[in-house]
There are 2 protein chains.
Amino acid sequence: MSILVVGTMAYDAIKTPFGQTDKIIGGAATYIAYSASYFHKPINLVSIVGGDFDFQEMENLKARGADVTGVEVKQDGKSFFWSGVYHMDMNTRDTLVTDLNVLLEFNPILPEAYKTSDYVLLGNIDPDLQMKVIDQMSSKPKLVVLDTMNFWMDIALDKLKAVIAKVDVLTINDSEARQLSGEYSLVKAAKKILAFGPKYLIIKKGENGALLFHENNIFFAPALPLEEVFDPTGAGDTFAGGFIGYIAKTGDTSFDNMKRAIIYGSAMASFCVEKFGTERLKELDIEEIHDRVEEFVSLSQFDISIEE
Amino acid sequence: MSILVVGTMAYDAIKTPFGQTDKIIGGAATYIAYSASYFHKPINLVSIVGGDFDFQEMENLKARGADVTGVEVKQDGKSFFWSGVYHMDMNTRDTLVTDLNVLLEFNPILPEAYKTSDYVLLGNIDPDLQMKVIDQMSSKPKLVVLDTMNFWMDIALDKLKAVIAKVDVLTINDSEARQLSGEYSLVKAAKKILAFGPKYLIIKKGENGALLFHENNIFFAPALPLEEVFDPTGAGDTFAGGFIGYIAKTGDTSFDNMKRAIIYGSAMASFCVEKFGTERLKELDIEEIHDRVEEFVSLSQFDISIEE
């Protein structure tokens, strides 16, 4: 059983109220792979990088269980680069630079061994490319998770909806759910979006947690209140990586297990923000992760027996 | 065992994206009393109204278990009046009119029978008046809960801190917690505020739920995702009323029971917003409330057994 992850690998330069970085490793697929690697291996990566990419980072990912056969290296190109600055509230940020570079040439071709992956996570890229990945699968995956963003709703809505109709789980944030559905109420928004095809919808609310919708069921997972949020970059991807990693580890796509997967994803995201970039995600162990999950249990669990 | 509630009784005129009202009954003490009345009686009310106050409303409150001996009626005065308009997101509003009227003369004098109340909820009024109420108690209450707002932090911070030091539970919203502590992180803010004296801090986050802090423990209660929020006015007071009502009913001020009380308070608030003003709070029954609490259970409960 393997996990297929398609998404960006990149360099980021990040400024927060607590400090700033030069170019550090980033990209959705990178965060997803590090996060998922604590739960399940192998992780079949599909991405594109330039000749400037630090191959020690590629070795690190391989050491954590990533198969990088599907990562195209354009020796004469430059890796995707993003630079941004976070405001004091850490929920809003301004993008300073987006250099797509080799990402403009991204044409995901799945190595033969990837085509039977059981769990597929399509990171936030052009919906045409996401569709192309789905079309290359030779066996039906147990679960396909799609991440996207408002940008694709703005410029490629029909294509995006076509991909959404083919996946099991869609993950977007609250404002994207509102944009995609035209509904302000997230409950109404979820009903409309589930009618587009996916069986599950995860609405990410950053420091305000995440909602899982499935048929008429709703589950809410809080974010862990933290003393310090150092750098929120990649938290959503880390969440998704923990989510699919836990699902793959347990092999259980029931609603009850998705709740647990969301808690594990939230725990991973709470680590991610503690240091710049992927730094924290490289140094965890499973004990720490379990302890963090226990914090979610004590944070959100209560015992009510209704006496009528 | 009785509950003492001190706060405003008022008229509100409310406009939301879904409609608008003429003057309807409002005020923190009114919402608190209606909400608490589903759990425990009597509720000893202390407030002030003008000769224009609808005495049928006073009869309604009495019928629900409120003792109104402590409500001063200024026959030649007008009741406190507030008017506001909510924006589409329902989280922000503009105040159009604040006519304090008789509230300017509010000087809470406790009837003798109120002075031994076991549970005290000091609604959002001048901290001088809140202190005056505390000073009139002849026996130490089992629990004193204080609500306040940014306005008093702006103009009477020292007096407010003096009251905060004397209560068991402080309830404020997230931006007020940040203002009061000077800390952006709510975890850091809570530590500072608990050091001011209260044993418990509840940070209300509206549609993003509520946090309970006590020593090093944190509990998070989600708000119920709703198809429609019709009118958020009074939701915070309704939450507080359900909270203290449940605590009084159970007679248990432990952290575990406070969690349950917060869930009940959240359930009551979720009803409040379904109609204008106190309308929904007048027509509930305990079955409906228990059903709503069950929705919170399925919304937030999950079952994780950590296998190391």
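Angles under 35 degrees count as roughly parallel, over 145 as roughly antiparallel, 65 to 115 as roughly perpendicular and the rest as oblique. This is a predicted model, in which local features need pLDDT of at least 70 and side-chain atom pairs count only at pLDDT 80 or more, while totals for chains, interfaces and linings use all residues. Residues are numbered from 1 along each chain as its sequence is written, and chains are lettered from A and ligands numbered from 1 in the order in which they are written.

**Stop 1**

Select chain A. Its secondary structure comes to ten helices and 14 strands; helices (H or I, at least four residues) and strands (E, at least two) are DSSP runs, numbered from the N terminus. The radius of gyration of chain A is 18 Å, close to the 19 Å of the globule rule for 308 residues, so the chain is as compact as a globular protein of that length. That radius is taken over C-alpha atoms, and the rule is 2.2 Å times the number of residues to the power 0.38. Along the principal axes, the C-alpha atoms of chain A fill a box of roughly 70 × 45 × 35 Å.

Of the 308 residues in chain A, 50% are buried. A residue is buried if 20 or more other C-beta atoms lie within 10 Å of its own, exposed if 12 or fewer, and partly exposed in between, with C-beta atoms placed from the backbone. Two residues are in contact if their C-beta atoms, placed from the backbone, lie within 7 Å. Among contacts in chain A between residues at least 6 apart in sequence, 66% join residues at least 24 apart.

**Stop 2: helices α8 and α9 of chain A**

Next, select residues 235-250 of chain A, which form helix α8, and residues 255-272, which form α9. Two packed helices are described by the angle between their axes and the distance between the axes. The axes of α8(A) and α9(A) come within 7 Å and cross at roughly 140°. Axes are lines fitted to C-alpha atoms, for helices over the stretch in contact, and angles run from 0 to 180 degrees between N-to-C directions. The helices α8(A) and α9(A) are therefore oblique to each other.

The crossing of α8(A) and α9(A) is right-handed; a crossing is left-handed if the near helix is turned anticlockwise from the far one by less than a right angle, and right-handed if clockwise. To display the contact, show side chains including A:F239, A:F243 and A:Y246 in α8(A), and A:I262, A:Y264 and A:M268 in α9(A). The residues of this contact divide into 13 nonpolar, seven polar and one charged. Here Ala, Val, Leu, Ile, Met, Phe, Trp, Tyr, Cys and Pro count as nonpolar, Asp, Glu, Lys and Arg as charged, and the others, Gly among them, as polar.

**Stop 3: the corresponding helices of chain B**

Select residues 235-250 and 255-272 of chain B, which are α8(B) and α9(B); they pack at an angle of about 140°, with axes 7 Å apart. Their crossing is right-handed.

**Stop 4: where chain A meets chain B**

Now show both chains. In this interface, 32 residues of chain A are in contact with 32 residues of chain B. Which elements give two or more residues to the side of chain A that touches chain B? They are α7 (186-195), β14 (217-221), α9 (255-272) and α10 (286-300) of chain A. The largest share, six residues, comes from α10(A). By class, this side of chain A has 18 nonpolar, five polar and nine charged residues.

**Stop 5: backbone details**

Select A:K41 and A:P42, which are joined by a cis peptide bond with omega of about -5°. A:P42 is in the loop between α1 (28-36) and β5 (43-50) of chain A. In chain B, a cis peptide bond joins B:K41 and B:P42, with omega of about 0°.

Continue to B:N101, which has a positive phi of about 50° although it is not a glycine. B:N101 is in the loop between β8 (93-99) and β9 (119-122) of chain B. Is B:N101 exposed or partly exposed? With 19 other C-beta atoms within 10 Å, B:N101 is partly exposed.

Finally, select B:E215, in the loop between β13 (210-214) and β14 (217-221) of chain B. B:E215 has a positive phi of about 50° and is not a glycine. It counts as exposed, with 10 C-beta neighbours inside 10 Å.
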